[in-house]
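Have a look along with me.

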Amino acid sequence: MSDQKDKLTQLIEAKSEALSHRKSDSPLEKIFHQIQPAKTDLYQKILSYNGLSLILEADRLVMGDCRTKDFPPLEAPWFAGISVQYGVNFPASPEDLNAASPESWRQHGKIISDLIIEPYEIYHARYCGFDCITIYMGSVTDSELLTLFLLGRQFSMSTILVTGSEKELDSANSTPARMIAMHERDSFGNCLDLEEICELAEAVPEQTLLLTRLASPSPEKLDMLKEAEINAVILSLEDFHMNQKKFQEFFPL
């Protein structure tokens, strides 16, 4: 656990340095007038489907090469949205969501999977077109978390709180957030055992949605998620396409 904390501390320091340069290149006063409230509600999209919803994820480079044909049919009730991963030194840009530009994509959530530690990142994420932010519980204080959460709400953005332990889950449960994530593998190399995730899922309030990213997805793991009443699974584009036939039972095309 201490190794994970040391790694996170290093990431936060690196992100703080990267942000100082980013704010010089794209100052808030330059982008603020272009920011509009989000119109897509990921929470409601997942809630409307009585089953295991799917969120597809890729890094910014892979996403830039994608087109809508690379995604499931837009009308598939189990398809909730897309997530784009970023490293601490790679900022988001409006062009990253080109794959989601058609009008019909507006019904799907677009999640920025990044280490968010400052309010500037909320403004910038919404400027780039993201509807939902992820906040890692271990990266911010309680007061910082509340500030980020309320700012996201101001722009009608959904918030996913990523927890990596029972203690962090307890803290997340005490917030107004309605979506919590526990990942078998997160964006920064941390991980939880899937059986532990399924056990901890019992402590999540009924009105709160639970999301899980799988490291090596299989039908057996998806069955475990369904049994634990987890609401959505996050799969990489590559994993989904490689295993599409195996996943027909869960995500019929």
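**Salt bridges**

I counted 7 salt bridges, taking a salt bridge as a side-chain nitrogen of Lys or Arg within 4 Å of a carboxyl oxygen of Asp or Glu. This is a predicted model, in which local features need pLDDT of at least 70 and side-chain atom pairs count only at pLDDT 80 or more, while totals for chains, interfaces and linings use all residues. Residues are numbered from 1 along each chain as its sequence is written, and side-chain values use heavy atoms, with hydrogens and water left out.

I started with Asp114, which forms a salt bridge with Lys15, the closest N and O atoms being 3.2 Å apart. Asp114 sits in the loop between strand 3 (109-113) and helix 5 (119-127) and Lys15 in helix 1 (residues 2-25), so this pair ties together parts 99 residues apart in sequence. I took helices (H or I, at least four residues) and strands (E, at least two) as DSSP runs, numbered from the N terminus.

Next I checked Lys15 against Glu121, and their side chains meet in a salt bridge at 2.4 Å, N to O. Lys15 belongs to helix 1 and Glu121 to helix 5, so the pair joins parts that are 106 residues apart in sequence. I noted that Lys15, Asp114 and Glu121 are linked in a network of salt bridges.

Are Lys15 and Asp114 buried or exposed? Both are buried, and I found Glu121 buried too. My cut-offs: buried is under 20% relative accessible area, exposed over 50%, and partly exposed in between (1.4 Å probe, protein chains only).

I then looked up Glu118, whose side chain meets that of Lys23 in a salt bridge (2.7 Å, N to O). Glu118 lies in the loop between strand 3 and helix 5 and Lys23 in helix 1, so they tie together parts 95 residues apart in sequence. Lys23 is partly exposed, with a relative accessible area of 31%.

**Negative patch**

Which residues gather in a patch of negative charge on the surface? I listed Glu166, Asp170, Asp193, Glu195, Glu196, Glu199 and Glu202. For a charged patch I used residues with over 30% relative accessible area and no salt bridge, like charges being joined within 9 Å. Helix 8 (194-200) gives the most to the negative patch, with 3 residues. Asp193 lies in the loop between strand 6 (179-181) and helix 8. I noted Asp193 as partly exposed, at 47% relative accessibility.

Notes:
Patch = residues over 30% accessible without salt bridge, like charges linked within 9 Å, V, L, I, M, F, W, Y side chains within 5 Å. Areas by Shrake-Rupley, 256 points an atom, 1.4 Å probe, with all protein chains shown as cover. Lys, Arg positive; Asp, Glu negative; His and termini not counted. Charge placed at Lys NZ, Arg CZ, Asp CG, Glu CD.
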